[in-house]
Amino acid sequence: MRLVIAFLSHLVLMPAVVGAPQADGILGLYWNPDRDRIVEIYAHDDGSVCGRVGWSATVPIDTANPVQSLRGRNLLGCLS
């Protein structure tokens, strides 16, 4: 999960560094660095940019969740 969040943060911040004028330029599907997951970046109804795991070679489990009862849940399709 931390890798996905770090990856999404990188995708969101990268256009600002390279001077992309609009958030629409980052919308789409992206491989993570290990190429074992696809992350979907999309525009939310309120105009914010969101991301979710769209596909994974292995089922990602929420092992780092601070709420112990949620640590076994599947993260595939979860929003970040």
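**View 1. Arg52 and its salt-bridge partner in the predicted model.** Arg52 is partly exposed in this predicted model, because its relative accessibility of 26% falls between the 20% and 50% limits. Arg52 forms a salt bridge with Glu40, with 2.9 Å between the closest N and O atoms. Distant parts of the chain are linked by this pair, since Arg52 belongs to strand S3 and Glu40 to strand S2, 12 residues apart. Glu40 has a relative accessible area of 25% and is likewise partly exposed.

**View 2. The hairpin of strands S1 and S2.** Strand S1 (residues 28-31) pairs with S2 in the antiparallel sense over 4 bridges. Opposite Glu40 of S2 stands Leu29. The hairpin has 5 residues between its two strands, and Arg35 in the turn has a positive phi of about 55°. Strand S2, which spans residues 37-43, is mostly covered, with 5 of its 7 residues buried.

**View 3. The hairpin of strands S2 and S3.** The pairing of S2 with strand S3 (residues 49-56) is antiparallel and runs over 7 bridges. Val39 has Val53 in S3 as its bridge partner. Between S2 and S3 lie 5 residues, and in this turn Gly47 has a positive phi of about 95°.

**View 4. The salt bridge of Arg73 and Asp62.** The closest N and O atoms of Arg73 and Asp62 are 3.0 Å apart in this salt bridge. Both residues lie in the segment after S3, so the pair ties together parts that are 11 residues apart in sequence. Arg73 is partly exposed at 39% relative accessibility, whereas Asp62 is buried at 5%. The count of salt bridges comes to 2.

How values were computed: Residues are numbered from 1 along each chain as its sequence is written. This is a predicted model: local features need pLDDT of at least 70, side-chain atom pairs count only at pLDDT 80 or more; totals for chains, interfaces and linings use all residues. Side-chain values use heavy atoms; hydrogens and water are left out. Buried means under 20% relative accessible area, exposed over 50%, partly exposed in between (1.4 Å probe, protein chains only). Two strands pair if DSSP finds at least two bridges between them. A salt bridge is a side-chain nitrogen of Lys or Arg within 4 Å of a carboxyl oxygen of Asp or Glu.
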